[in-house]
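Take a look at the structure first, then read on.

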Amino acid sequence: MKKAGIDPKILGVVLVLLILPAWEAIRIGGSISPLLMPPLVSIGSALLQGLIQGTLLVQIGLSLMYILTGAGIALVLAFFTLWISNLSPAVHHAVGILGALFHPLPGIVLLPIIILWAGIGPSAVLVVIVHSVFWPVLTNLQAGYRSIPETWRMTGQNYELAGWKFLVFIALPATFPYLLAGLRIAWARGWRALISAEMLFGAIAGAGGLGWYIHSRRVFMDSPGLFAGILVIMLIGSLVESMMFSLIERRTIQKWGMSL
Amino acid sequence: MTGQHEIPKKPILELKNISAGYADYPVLHQVNLQIFGSEVVCVLGPSGCGKSTLLKIAGSFLAPKAGSVVFQGKMVTNPDHHRLMVFQNQNQLLPWMTLEQNIRFALKHGPLKSHPSSWRERIAKSLQEVGLQNAAKLYPHQLSGGMAQRGALARAFGCQPALLLMDEPFGSVDAPTRSELQHLLLDLIANHHTATLFVTHDLEEALLLGHRILVLNSRGFITLDSRSTKPGHPSAVRQAMEHPDLRANRYDRP
């Protein structure tokens with residue numbers, strides 16, 4: 001029997017349409033307190049209010065700014081490390097060993113140390129993001145660099161591209177599929193680490209961001225606001241994942257026939 | 001085609017006493033080779049005999065263990081755009097650029113660095129020469145194997161190099177396409193008078209393209225004097241096939 005092709009978009013809509021009434025049914029059927037399971041209407045209005053009044057919008061902007069700044073710093077550091085690790089095999093191996101040690105370390109477990117070293121506040125959040133983004137990007141860049149075909153290397157040499165010119169004109173586009181894969185992992189890790197760090201630092205210093213927003217909703221027992229914050233984190237996460245990265249892939253490596 | 005043309009007295013490329021390989025596995029041993037302007041030298045030999053190593057050394061992609069490479073009268077140690085390599089690999093055009101952009105890239109970093117105004121005309125001309133004028137905006141992965149090799153030829157000849165280094169460039173396409181590409185290369189070489197070092201394991205290809213045919217074996221080169229025969233003529237092919245050294249080389253290697 002032939003399997004019926006299900007459009008994932010339709011499936012998504014159906015899934016949401018099933019979850020929403022189920023939520024209401026459980027809430028009303030079990031006469032659960034609105035503090036534990038707030039009505040959908042109040043979650044929706046909390047979301048709208050937060051967006052219209054700007055309190056939620058400001059925190060979204062802050063979180064995105066944190067992650068973009070952190071990712072930017074991490075990217076520059078990763079390219080720099082790739083460059084110095086190409087200088088000698090010893091440096092390359094040293095970087096590899098450091099990567100093996102630090103890559104599996106969740107950013108959030110570094111927090112106690114970061115608090116001691118960098119204090120609390122935005123700089124500590126940035127350190128967590130840089131850590132979460134740097135290692136996956138670096139390991140992918142190194143793997144990509146090693147897999148540049150010999151013909152492209154020799155083509156670059158033939159047109160006398162050496163040093164930074166080789167990196168920019170040959171190595172960067174040639175490793176782009178790997179860079180994108182690294183960024184996908186980095187985003188997933190960085191976004192989670194960011195929200196956790198914001199919740200923690202928000203509690204201490206009011207550093208702000210979506211994590212802090214959720215934390216403050218909890219303090220005020222504002223359950224609808226809490227769920228609204230969770231929805232926003234979910235939406236932004238999957239929008240970046242499924243729209244931004246997919247769009248970049250279609251415009252670059254898919255168009256070039258370079259998909260991994 | 002120009003037929004029998006004058007071959008200059010001074011070599012454009014000279015390999016002097018080249019040795020390469022590993023201590024317990026020498027690939028090339030004291031090989032000498034001179035290539036003169038506008039001649040096509042074909043190097044034959046079974047795989048593993050060091051043909052590709054020879055090409056890489058001729059292009060300065062690989063440093064020989066002993067010996068020197070002299071190009072246009074100067075000792076050279078780094079690759080340059082006057083000695084361009086054409087590979088067998090159909091992946092040699094850079095995939096993130098269209099065919100046209102690939103040629104522009106070569107001109108921009110190669111011979112026409114300071115003449116951006118002439119890029120457009122040169123690109124059009126070299127695409128025209130290989131019959132790909134309608135494929136300018138295509139990405140390499142959209143080209144067939146034969147088209148990709150035409151594109152590689154367009155990029156190389158567009159730069160008007162003094163010497164082409166070709167590593168079995170038509171080895172991975174089907175027979176009719178190979179024949180088409182061989183005749184295209186003959187036309188291109190005749191028009192550009194480009195000296196060419198052409199590595200192949202296909203004797204008929206060597207007889208069709210080469211002004212001079214060399215066989216590489218463990219003792220160095222054996223020369224087949226193709227000028228005493230008519231290149232491309234069936235009897236010449238047969239005669240070369242019967243050459244005792246080449247036969248030994250083809251069938252008796254471990």
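On a 1 Å grid over the protein atoms alone, a pocket is an open set of points with protein on both sides within 12 Å along at least five of seven lines, while a cavity is a set of points where a 1.4 Å probe fits but cannot get out; lining residues have an atom within 4 Å of a point. Grid points are joined across faces, edges and corners, and a volume is the space filled by probe spheres set on the points.

What you're looking at is a predicted model, where local features need pLDDT of at least 70 and side-chain atom pairs count only at pLDDT 80 or more, though totals for chains, interfaces and linings use all residues. Residues are numbered from 1 along each chain as its sequence is written, chains are lettered from A and ligands numbered from 1 in the order in which they are written, and side-chain values use heavy atoms, with hydrogens and water left out.

**The largest pocket**
- About 540 Å³ of space sits in the largest pocket.
- Its lining has 14 residues, and Val16(A), Ile19(A), Leu20(A), Leu231(A) and Met234(A) are the ones nearest the centre.
- Helices H1 (8-29), H2 (40-53) and H10 (223-251) of chain A each give at least two residues to this lining (helices are DSSP runs of H or I, at least four residues, and strands are runs of E, at least two, numbered from the N terminus).
- Twelve of the lining residues are nonpolar, two are polar and none are charged (Ala, Val, Leu, Ile, Met, Phe, Trp, Tyr, Cys and Pro count as nonpolar, Asp, Glu, Lys and Arg as charged, and the others, Gly among them, as polar).

**Where the chains meet**
- On chain B, 24 residues are in contact with 19 residues of chain A (contact means heavy atoms within 4.5 Å).
- There is one salt bridge between the two chains, and it joins the side chains of Glu150(A) and Lys56(B) at 3.0 Å, N to O (a side-chain nitrogen of Lys or Arg within 4 Å of a carboxyl oxygen of Asp or Glu).
- Strand S6 (83-86) and helix H2 (99-109) of chain B each bring at least two residues to the side that touches chain A.
- That side of chain B has 13 nonpolar, seven polar and four charged residues.

**The cavity**
- The whole structure has one cavity of 30 Å³ or more, and the largest cavity has a volume of about 60 Å³.
- Both chains line the largest cavity, with residues including Tyr159(A), Met85(B) and Arg155(B).
- H4(B) gives the largest share of that lining, three residues.
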